[in-house]
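Have the viewer open and follow along as we go from the overall layout to the packing inside.

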Amino acid sequence: MRYNIRGSKMEVTDSIRNYIEEKLGKLDKYFENPDEITASVLVRESGINDKVEVTIPIKTTILRAEVSTKDLYEAIDLVVEKLERQIRKNKTRMNKINKESIVAFIDFEITEEEKKEEAVVKRKTVEMKPMSEEEAILQMNLIGHDFFIFKNSATDEVSVLYRRNDEQYGIIDVK
């Protein structure tokens, strides 16, 4: 695997770079042609924590994970574990959905726990009345959810309001 490692608000030393390459190199065993894959790694300070974000585009799928801890080396270990879980858990699903993704992964054994299929277990229909972003934030907080779908009165489009990890709000506009 090739690596694009960069730091934000911190310098990526040779020891950090080598540790990242060593740990991410363990994922090579899951790919047929790891030399054709480039992992983008962003290491940054986030308050008192160090954050590691890894993005690995493979064919029609993107593997992405991020971890924030007080210890940079622990964050690197945890982000690699997270990516490995994603690969193992979603291999079967990705192969079912898109036959092209089969060639991206080498065949490996999947445990019974990993075979468990995820399925839609509940379906809801919601009435959408036009409202402002401020009203949508209020509604979302009143019902105690992390997201809220509404018809934005300013744009007359469907929008999704969501609570971000930093406790701020984000909006996804649907066109």
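**Overall make-up**

Please keep in mind that this is a predicted model. The secondary structure of the protein amounts to four helices and eight strands. Read from the N terminus, these elements follow the order β-α-β-β-β-α-α-β-α-β-β-β. The protein has 175 residues, and 33% of them count as buried. Among contacts with a separation of 6 or more, 38% are between residues 24 or more positions apart.

Four strands form an open sheet in the order 1-2-3-4, and their pairing is mixed. Its edges are strand 1 and strand 4, each of which pairs on one side only. On average, and with direction ignored, neighbouring strands of this sheet are turned by 15 degrees against each other.

Helix 1 packs on this sheet, where it touches strand 1, strand 2 and strand 3. The direction of helix 1 makes about 135 degrees with that of strand 1. For finding your way in the viewer, here are the residue ranges:

| Element | Residues |
|---|---|
| Strand 1 | residues 2-8 |
| Helix 1 | residues 14-25 |
| Strand 2 | residues 38-46 |
| Strand 3 | residues 49-58 |
| Strand 4 | residues 61-69 |
| Helix 2 | residues 72-97 |

Strand 3 and strand 4 run antiparallel and are joined by nine bridges. I56 has L63 in strand 4 as its bridge partner.

**The nonpolar cores**

I56 turns up again in the packing: along with L24 and L27, it touches the most other members of the largest nonpolar core, which has 29 residues. Which elements each supply at least two residues of this core? They are helix 1, strand 2, strand 3, strand 4 and helix 2. Helix 2 contributes the largest share, seven residues.

Leaving aside residues up to four places away in sequence, L27 touches M1, I56, V80, L83, E84 and I87. Of these, V80, L83, E84 and I87 fall in the 72-97 range of helix 2.

Another core, of six residues, lies apart from the largest one. Its members include A136, M140, F148 and L161.

Key: Residues are numbered from 1 along each chain as its sequence is written. This is a predicted model: local features need pLDDT of at least 70, side-chain atom pairs count only at pLDDT 80 or more; totals for chains, interfaces and linings use all residues. Side-chain values use heavy atoms; hydrogens and water are left out. Two strands pair if DSSP finds at least two bridges between them. Axes are lines fitted to C-alpha atoms, for helices over the stretch in contact, and angles run from 0 to 180 degrees between N-to-C directions. Contact means heavy atoms within 4.5 Å. Buried means under 20% relative accessible area, exposed over 50%, partly exposed in between (1.4 Å probe, protein chains only). A nonpolar core is a set of buried Ala, Val, Leu, Ile, Met, Phe, Trp, Tyr and Cys residues joined through side-chain atoms within 4.5 Å.
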